[in-house]
Each structure stands twice: as structure tokens, then as C-alpha cells.
Amino acid sequence: MTIPPRRYSLPNCTLVLEGIGSSEEANGIVNARPLMSMLTSVECQLEGQEEPLRGGSEFFQALVVAVSRYAQQVLSGIAIPPDQQPQSQLVTITPIALNRHRLVVNTQAHRQNNEQGSGVNSEHSRSIDLTTVQLFDLVEAIDQFLADDRTLPGLTVPLAPVSRRYLPDDGRTLERTMPAVIGISGLALAALACFYMPIPEVQRPKDPIPTPTDTEMVPSGITPQGKLPSSPNRENTGINTAPIPTVTPVPAAPTSNPSSSLAPSSKDPSPPTGVSQPQPINPDVSLKAPAITDSAKLDQLRQQLASKLAQEWAPSSDIGQDLTYQVTVGSDGAIIGYKPVDDISRIKEQDVPLLNLLYLPTTGGQANPEAIARFKVVFKPNGKLDVSPWQANP
Amino acid sequence: MSVTSLNPPIPDSPAPSIPLVLASLSTPELADDYCPRRARMQIDLLLLAIEALVIGGSEAFLQVADELELRDIIKNRVTLWQLRSTNPMRRLGQRRSMTLLEAKALVAIVCNLAKRLVVTIRQLLIDYQQLQDKQIPLEHHLRLSDYISRFRSYFRARMNPRRTGAYASDEELQQLALTMLGKLLFCTGTFGMQRLWISLFDGEVE
């Protein structure tokens, strides 16, 4: 059944669709506008063009898809690459300038596809340049057709966002990876900077943990952590009758607490008189511990000890005569004990750096049994040091 | 007495109903319910173009939100400002993001206002084309140069220059202003709102 042509008219574009209606639909429903179910020909007159674009169903379908797709491209600025576009190349639109768009209708293909050829009069593809406003009118004419559910309701163009895979790699990868690259290189730079920084000196806590033997030297006002005032040793001192405000010795900050001078701090090497010293080392431990016999190891330890003492000893102070000590060294080179061999060495002990270098284990009052080596260390008045294995000079 | 009878069924609380005007905007398949970066930029720039087109444009946004019954989403000036500040180019960026519903509401406002301004938009684009064809500088066209200079100054006042690398010079901002004008024209069409909405997610879906 032939029905009047459908006309969608805009200032720069007039779209005329001619087709036939479906009779049963028209008979069933009382409607002023019969349903156009089949397209026979289409005419698209663009402003400024002498000849309208003409074609059949396939041309129109290609036009609708291309125009709809391009309208989305104008809005988003993202184009599907031409070789990726699924539809036929019958109609293409490409941007040519800020306000210019090129519509190309491939009439060659058009003719092949429409043998009945309603008005194709050119052998070549036809190219029409449109301004944005002209293009918009073409889009709007097609949108009005799409919105008209009485004309070709079967022809629809679903709107869908362009897939990510069509995105050109216009620096997006770089844009995405740059933060990670900057982060990683920043970390590397920081690591490099840390590499050149001096290793922080770890100050071992210098407070000896009181053992039952040295609770007697705890000054009043300081209760060793974990000691109850009622312990028998404290009862002997007679200072536990009143609750004493507990001042916990802070092992990590011995210098900030003046009352912790009981610790053999390097700042205050003078030992309180009558207070037991961490030296000499427990002879039992020394005796029980196996002696290092390997001569190469001994020599290495001897050199280590000599250089350690030489670094610490400032021989400016006048020591008058040779000061001789027996020094016990662990297998790792740490000085774990020493003993003056005569009275003058004992008196002048503070003039030599042995106490400063003494290794004080943190977990108890004495070092764990380990292989040891004994050396004879002689501090000479002329500023020289003499370190020799003890066994050689019994 | 049973426990249930103590608590009579509460009448169905109205589900967060989507305003009628937004019903035609489908929700794209994104990883989450938040607007992608480019979409937030686009929406803010379209609003900026409208402000540059008409004096008092920013007042019109809330007025249109009222008319379209979107005030549940765009509650007040502060909400609007916060949403626009999710544009990553802004000087005062927002930590909060823009939900898809909020983006839909702003898209509806943009398209509604663009339709009211369609005559102006069309005329400016036609005039621009004629000036181009005759090689006349845009400064000779009062209305057009006014729009471009307002767009430029709004842009520079609100955007962080370090985040807007591509839009530094006067020329680049003029191009952007004219591009946004063209986009506004496409927003005025029969399916303008749907097309704008879908275009915001170009390149964001699999």
C-alpha cells in the first residue's frame, strides 16, 4: 500500500522517505498516519547542494549509522578508526577542520548494491563538505526520523559508548605509566641517598640489669623494674619502708638521666667507689669458655683489638708508666672482659679506654659462654700500644 | 501476641526514585558507579560554555534543576560547586567523585539550557563560519568575541594551569570555546541528551 512520503525538514537539510505501508497494521488501528514498514527510496537534500543524495534502503541504513556514530564523535572527540568500523564504507564522515566535516557517499558501491539504481548519476564517490550547523541539521533530521515510530520502526541505531580497544594510543599509556615510573625512580633516588648516609650509631642500652649481687648499689628512689620492694636484699638496705615512687630506669636514654651514673657511661667513667664493676669478668665463665687456638684467628683478633684500642685511646693524658691488662675478647672481636694485672693499672684504669669498649650484654650481667681469646694489652707512656696473646706471656 | 503483629509492615519506603527526565539515560557498564575523568571534564566545560554564553548562567543551573525536579540530587549552590570541582583540571579539586546519577542530572541541565539557547548557538556558529570564509578576525564580531573572551577568562580563573597543558594560549582556548559551542548545538537535538550522555563514556567501556 503506497503511503504519502515522510518528510523531515530542517533549515539545512530535508529528508524525504518514500515507502509502502503494511496494510494489516493500517486496517487494524485507526491512525491518521499509517505505518511505513518498507522503504523504497530516500532523498536527502542538503543546503547548497544542487543534487540531493538519493538512494535505497541500504544507502539510508548506512547514512543513519554513519551520521549517528559521527554525532557521538563530535560530542566525545573520540573516533573509531576507519578500518575498525563495522559498517560498510558506503557513507563516511570525517572531520576536516574545527567547523568542517566531510560527508563521502561512495556511489560506486552504492550502484553495485542497488541495481535498480534510483537516480545514481555519478560514477565516483561524492564528497560534500558540511559546516557544523549543516551537519547538525542532518543529524537532527535523522533523529526525528528515529524518533518517529510510525516510520520504519525496524531501523534503529543503538547508542553505545565506543570500546576502549578502539582508542588510539595517543599518550594514554604514557599518561598512565608515568606516575608509576616517577614513583619507582623516586624510591630508587631515596634508596641511593640513604646508601650515602652514615649508618646510625646504635647506642646499646648501658644500664646493666641489676643482678642480685649489685642491688646494693641501687640508689634510693630508683627501683629496678620487676623488683618488689619486699625483696630481701632491699630490706637489708632499710629504704623500703615507705612506698617509693618507682622511677624505672630507661635503658635507652642513660645520658638523660643523671641518676643512672651507676652505668659505666662513657661520659662519666669514674666508677663509684665501693661499687662493683662489670670488670673483671666472671672468671668462672672465662675459665669455662673454650679458648680460641687457631693462630690465624688469634692474629686477626689481636689486630682488631689493637686498632679498636688505638682508635679510642687518647694518649695525651700522662699515664707515667706501662699499664698492663689482661683483655678477654670474644670470637667476634668484642671485648667481653678485662683485668688489670697490677695496682697501678687498676688505679689508672680510667685513663685507658677499655671500659668504654667493654661489651655489656643486655640480657644479663654476663656474656654467654663462647670461644674467647685472651690478650695482654700494655698501654705505654709514649702513646704506644702493645697487644700480644696472653698465653705467650703467662 | 506475635512479634510480627507488634511491628506492622512499614509501607514500602519509596526507593530512591530516578527523576523522570533521567529515565532515558541508560547506565553504562563501568567498573563502579562513578563518573570517569573525561566525563567530569566535559560536563564542567559544557557548563562553563553556557555561563560564557549568557549572563547569569550559573543561576540558571539551579533554576533548571528545580524545574526538572532534580533538587534531590543537585541540592544547592555548594553541591553544584562541589560537583563541578570534580573536574580534574580545576584549581580547587574535590576528593569526592561524581556519581553517575549526579552526572545524569548535570547532563539534563546542560541539554535543557542548550535547547533554550539554540538560536544563539546556531547564530554564533553560522557567523563564525562566515567570518572564517571571509577571513575576518573574530574580534570584529562583538557577540562571538564576547563569548570567547568570557570563556577564556572563566577558564583561566578556575582551572589550574599546570593541569591544562593543552589549553594554555589564547588561540587554544578559542578553539576549545568554539568546540564546546559546537557540542552544545548537538546537545539541543531530539536525542541530544542521550547522545551526550553516551558520548561521555566513549573509550571507557570494554
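This is a predicted model: local features need pLDDT of at least 70, side-chain atom pairs count only at pLDDT 80 or more; totals for chains, interfaces and linings use all residues.

Reader: What is phi of A:Leu152 near?

Author: Phi of A:Leu152 is near 45 degrees. That is a positive value in a residue other than glycine.

Reader: Is A:Leu152 buried or exposed?

Author: A:Leu152 is buried. Its relative accessible area is 9%, and the cut-off for buried is under 20%.

Reader: Chain B now. Where is B:Gln135 found?

Author: B:Gln135 is in the chain B loop between α6 (118-133) and α7 (142-158). Phi of B:Gln135 is positive too, near 60 degrees.

Reader: And B:Gln135, buried or exposed?

Author: Exposed, with a relative accessible area of 72% for B:Gln135.

Reader: On to pockets. What volume does the largest pocket have?

Author: The largest pocket has a volume of about 1200 Å³.

Reader: Which residues lie nearest its centre?

Author: A:Ser76, A:Gly77, B:Arg38, B:Gln42 and B:Tyr167, out of 40 lining residues.

Reader: Which elements give two or more residues to that lining?

Author: From chain A, α2 (57-76), β5 (91-97) and α5. From chain B, α2 (37-53), α6 and α8 (170-187).

Reader: Which one gives the most?

Author: α8(B), with seven residues.

Reader: How does the lining split by class?

Author: The lining of the largest pocket has 18 nonpolar, twelve polar and ten charged residues.

How values were computed
Residues are numbered from 1 along each chain as its sequence is written. Chains are lettered from A and ligands numbered from 1 in the order in which they are written. Side-chain values use heavy atoms; hydrogens and water are left out. Buried means under 20% relative accessible area, exposed over 50%, partly exposed in between (1.4 Å probe, protein chains only). Helices (H or I, at least four residues) and strands (E, at least two) are DSSP runs, numbered from the N terminus. On a 1 Å grid over the protein atoms alone, a cavity is a set of points where a 1.4 Å probe fits but cannot get out, and a pocket is an open set with protein on both sides within 12 Å along at least five of seven lines; lining residues have an atom within 4 Å of a point. Grid points are joined across faces, edges and corners, and a volume is the space filled by probe spheres set on the points. Ala, Val, Leu, Ile, Met, Phe, Trp, Tyr, Cys and Pro count as nonpolar, Asp, Glu, Lys and Arg as charged, and the others, Gly among them, as polar.
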